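This briefing looks at pairs of oppositely placed side chains in one protein model and at how open their residues are. Please keep the sequence and the 3D view at hand while you read.

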Amino acid sequence: MTTQLNVRPITEADNPHIARVIRIVSAEFGLTADKGYTVSDPNLDHLFELYSQPDSAYWVIEWEGKIVGGGGVAPLSCSEADICELQKMYFLPAVRGMGLARELAMQAMDFAREHGFKRCYLETTATLTRAIRLYEHLGFEHIDGPMGCTGHVDCEVTMLKRL
């Protein structure tokens, strides 16, 4: 089977498609809006606009013409200027295990370095064990508590990496 994957910057037309992916994956893992996970983010349907802000970027993954995943990076709100946050990394089951999350995280960290960030923060939840293993493999270290103002109150796993 030939797989046509395309990793590219988000466009405005991608907004409803990546929001759908995030909602599907969140539901799969029980990450509900009432607990402050990404699905509660008021910008979820406007990611292109959100990541069009300075020092921010978001990439989508297209597979056979459909958006099947994405991830981004942006300055960490309410934090020191040299800290960015790896954000909204979501992939449909059909494309998991292909190394796309690793590729996207590396791309995001390269972007962050190019934009002067020295540290990269992330939050996730303990149920996402594969994601945590990936982040550990990429050099993220567990830290004692949350940083910044993310609003993700139930993301109990906080990690930081020096870029």
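Is Asp-45 buried, partly exposed or exposed? Asp-45 is partly exposed, as its relative accessible area is 35% (buried means under 20% relative accessible area, exposed over 50%, and partly exposed in between, with a 1.4 Å probe and protein chains only). The model is predicted, so local features need pLDDT of at least 70 and side-chain atom pairs count only at pLDDT 80 or more, while totals for chains, interfaces and linings use all residues. Residues are numbered from 1 along each chain as its sequence is written, and side-chain values use heavy atoms, with hydrogens and water left out.

**Salt bridges overall**
- The whole structure holds 7 salt bridges, each being a side-chain nitrogen of Lys or Arg within 4 Å of a carboxyl oxygen of Asp or Glu.
- Arg-8, Asp-14 and Glu-62 are joined in a network of such bridges.

**The pair Asp-45 and Arg-23**
- Asp-45 makes a salt bridge with Arg-23, and their closest N and O atoms are 2.9 Å apart.
- Arg-23, with 37% relative accessibility, is also partly exposed.

**The bridges of Arg-119**
- Arg-119 counts as buried, since its relative accessibility is 13%.
- Arg-119 meets Glu-80 in a salt bridge at 2.7 Å, N to O.
- Arg-119 also meets Asp-82 in a salt bridge, here at 2.8 Å, N to O.
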